[in-house]
Structures are given as structure tokens and as C-alpha cells.
There are 2 protein chains.
Amino acid sequence: MEEKTVNIDIRKDLFGANEDAAALNAAKFKEHGIKVFDIMGSVGTGKTQLIEALCDLIADDHKILMLAGDLATRIDADRVSSHGVDTVQINTGTACHLDARMVKVALNEIPLSDYDVMFIENVGNLICPAGYSLGAMKKVVVVSVTEGPYMVRKHPLTIKRADMIVINKIDLAQALEFDVDALVRDVREVDADIPVLKISAKTGEGVRELAKQLGI
Amino acid sequence: MEEKTVNIDIRKDLFGANEDAAALNAAKFKEHGIKVFDIMGSVGTGKTQLIEALCDLIADDHKILMLAGDLATRIDADRVSSHGVDTVQINTGTACHLDARMVKVALNEIPLSDYDVMFIENVGNLICPAGYSLGAMKKVVVVSVTEGPYMVRKHPLTIKRADMIVINKIDLAQALEFDVDALVRDVREVDADIPVLKISAKTGEGVRELAKQLGI
């Protein structure tokens, strides 16, 4: 037998294994007819409030599951539970993002075909979650006007890997003297075609349009 | 020779190697008489503005170096440069934190004994930087009232590994109906003794006290 050397790039291999697991998750979600959205963004960007607003909007005619990722606590899952939505909390300990296998394990005993829609709220972090697909239909990155004007320019890869950008807390833009249109232009510099939605999960502005664009 | 098996925990080994490099950095900083502060916190928490405010306060009698960590751009270094401070920007590409070796390499040709104080602004991320010492005298975690009320409870390890907590943007607390004292109590739950300072880098409130506590 010819001798063979295989060079393994650990980092690449880790990502590869995750992509495989994500593809299996995606196939399972499709089989059970559940629309899954991976909601990413930094700490305090309003991901939970956004999910709460979407749940209130569609709960009458959709059965919803929410999966929350945090290092510790089940604060976010509890908030969404209070809207009558079934929730699963994943506590990652020190891990700075969810990965496809965590999602698989967390959903192990959940009857997915009972649900129409699942929102996965990723760990609050604008960097790491973008590198790990979970098998969701869409990756939605939430940024907000309270994070300063540079977060898009500083995180081009996160924008590139997303399917949709949501700019949240637009109700605070004037008070914080934040230029939302300049932020939209920053997104356009990175990706000319990605949908960008301006919303306020707090006041509800733009939430109906967001649900429409998500196809729910 | 007796056969020997060594089990290597890659993750542990990576952290161990970083701790060794951090200890070497710390020894070098001490040798050159430079006080080094690792400023950590999420995106948009006001780390750069805090460093700018500290620079303005102490620039008359301190020679300052600023080292900025970001995935991309040199926006933060440029902002601090405009205050007459020497700066070095590290672009990490995809890495979600600085590590001790990046700092060592970045400082390779810098005459450290020319400086009294160095501020290292870590990558904007409340999770990953806390796991990697850089050799700084103090690790300062900056949180702000725009990040929602749960960021301390969700990140106990980051708080535990810090030497000081700075609550920034207190000028916005009232408008955002943010309970700063509740946040201080959350910090106290995790660490009863850690110094907690309430400041506004924008208005300057509390910045003099912060400098005093940092010993600069």
C-alpha cells in the first residue's frame, strides 16, 4: 500500500464537522416542516425582545418553539415562555456561540413536527456565532443603534455570512444622535444585496415587515 | 526507557501556553516601568471613549501608548491617535479576542521604556477576551447601560476574572430607564469585593476617580 500523509487543519476540521452536523439539522427541520431562524447579535442588542414581538405577532396561527443560548441563566427563555411559547435553554458555560451539535442534542426529545416555527437565539456575541451554522433557514444578524456607529465596519465577516440584517432600537436613534442611514450604507459596502430592515422591537415598528420577509 | 504517555488537552494546553506568554509580557512591562491596562467589554460599550477620556486627563504628565484590537479597521486607534497618543492597531481577522502572543508581536519594535502607561483595548466581546490574560496589571471590564439589564448575570466568569468593573454611559441611565444600582448588586452577587465604578466617558463624570483607582 502506498504510504499516505493526511494533514489535518484542526480549525478547518472543527468547522467542517460543524457544517456536516448543520446540514443534518437542516434536513431534519425540513422533514418536520419547521421554519428555523438563527438570531445572532451582540449582548443587549434586543434579540429576545425581537423574538417576543415576532411571537406576539404570529402566535395565533403558528406553533412556536424558542431555543435560547446563553453562557448562564435562563432569563431569555423565561421571558419568551411568558408569551405562551415553548422554550429550551442551552447554557454553554464558557462557549461563546451555539454549534450545530448543541442544537441537535437540545432538540433530542422535542417533537419537532408539533411546531411551525423555531427561533434560535444565539449567544450574545457579534463575532463567534457567525462562524457556526446551526442548520437554520436564515441567519439573522441583529445590530442596534446603542452599539455605536462602527459595529458593521468592524465585523464584515459576520455581515457577509448573514442572510438578513435587522437594525433594532430605531426609536432611540434620535436621542442617541445615531445615523441609521449611514449604518445601512456600511452594510451595503459589505453586501450590496442583503435585506436590511429597520425596526423597533419595543414599539413594534417594522416588526410586521420583518415577519413578512422571514416568510412567517 | 520507560514508555510514557502524555495526554494533552488541547484547550487546556492552549490556555497554558497563553498564560506563560502573558507572564513573560508582564515581566517585560515591569522591567520597563510601564503600567498596562487590559480594557475589555462588548461592542459599543464605550471602551475607546473611555480611553480617550483617560488620555485627556493624564496626557500632561504621562507618556501613553494605546494598543487596539479589532477584527478589522483601525478606527479605534485613529480615534485615540487624534489625542496625540501613540497607537498600535492589531487586526485579528476572525479571532474574537487578543492573546498574549499577539500583544508580544505587536510590541516587538516598540521602545516600551519610552512610555508610562499602556491601554490595551481588547476586541469588542464580553466573553472570549476574559479567558486570555495579556500580562496587564489590571483587567478592566466595561459594561454600559445600553446593553440591557442582564449582561452581568449572564457572564459571571467574565466578572470573576476581572480586577475592576466600570459601568459606562450613566448619563443615559434615566432616559433608558436603566437601574444602575441593580447592576451593581448583580456584580456583588458574583464578586463581593471587586471595585465597581459608575462613569460617563462622554460627560467625564467619574473618570478622575477611575484614573485614581487605576493608580495613574
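This is a short tour of a two-chain model, stop by stop, with what to select at each point.

**Before you start**

The model is predicted, so local features need pLDDT of at least 70 and side-chain atom pairs count only at pLDDT 80 or more, while totals for chains, interfaces and linings use all residues. Residues are numbered from 1 along each chain as its sequence is written, and chains are lettered from A and ligands numbered from 1 in the order in which they are written.

**Stop 1: both chains together**

Colour chain A and chain B separately. Chain B is superposed on chain A by a rotation of 180° with 0.0 Å of shift along its axis, and the RMSD is 0.0 Å. The two copies are thus related as by a two-fold rotation axis.

**Stop 2: where the chains meet**

Now select the interface. Two residues are in contact if their C-beta atoms, placed from the backbone, lie within 7 Å. By that rule, 26 residues from chain B and 26 residues from chain A take part. On the side of chain B that touches chain A, the elements giving two or more residues are α5 (151–154) and α6 (156–160) of chain B. Helices here are DSSP runs of H or I with at least four residues, strands are runs of E with at least two, and both are numbered from the N terminus. The largest share of this side, 3 residues, comes from α5(B).

What kinds of residue does the side of chain B that touches chain A hold? There are 13 nonpolar, 9 polar and 4 charged. In this count Ala, Val, Leu, Ile, Met, Phe, Trp, Tyr, Cys and Pro are nonpolar, Asp, Glu, Lys and Arg are charged, and the others, Gly among them, are polar. Since 100% of the interface residues of chain B are also interface residues in chain A, the copies meet through the same surface.

**Stop 3: a helix crossing in chain B**

Select residues 47–58 and 207–214 of chain B, which are helices α2 and α8; their axes come within 10 Å and cross at roughly 80°. That makes α2(B) roughly perpendicular to α8(B). Each axis is a line fitted to C-alpha atoms, for helices over the stretch in contact, and angles run from 0 to 180 degrees between N-to-C directions. Angles of 65 to 115 degrees count as roughly perpendicular, under 35 as roughly parallel, over 145 as roughly antiparallel and the rest as oblique.

Show the side chains where the helices touch: A53(B), L54(B), L57(B) and I58(B) from α2(B) meet V207(B), R208(B) and A211(B) from α8(B). This contact has 6 nonpolar residues, no polar ones and 1 charged.

**Stop 4: along α8(B)**

Which residues of α8(B) are buried? They are V207(B), L210(B) and L214(B). Seen down the axis of α8(B), they fall within an arc of 55°, so they line one face of the helix. That arc is taken from the directions from the helix axis to the C-beta atoms. A residue is buried if 20 or more other C-beta atoms lie within 10 Å of its own, exposed if 12 or fewer, and partly exposed in between.

Just after α8(B), G215(B) takes a positive phi of about 75°.

**Stop 5**

Most residues other than glycine have a negative phi. K169(A), in the loop between β6 (164–168) and α7 (180–190) of chain A, has a positive phi near 65°. K169(A) is buried, with 28 other C-beta atoms within 10 Å. Over in chain B, K169(B) lies in the loop between β6 and α7 (180–190) and has a positive phi of about 65°.

**Stop 6: two places in chain A**

Select D20(A), in helix α1 (residues 10–31) of chain A. Is D20(A) buried or exposed? With 12 C-beta neighbours inside 10 Å, D20(A) counts as exposed.

Finish at A130(A), in the loop between β4 (117–121) and β5 (138–144) of chain A. A130(A) is buried, with 22 other C-beta atoms within 10 Å. Leaving out residues up to four places away in sequence, A130(A) touches M40(A), L157(A), T158(A) and R161(A).

Terms used: Least-squares fit on C-alpha atoms with pLDDT ≥ 70 in both.
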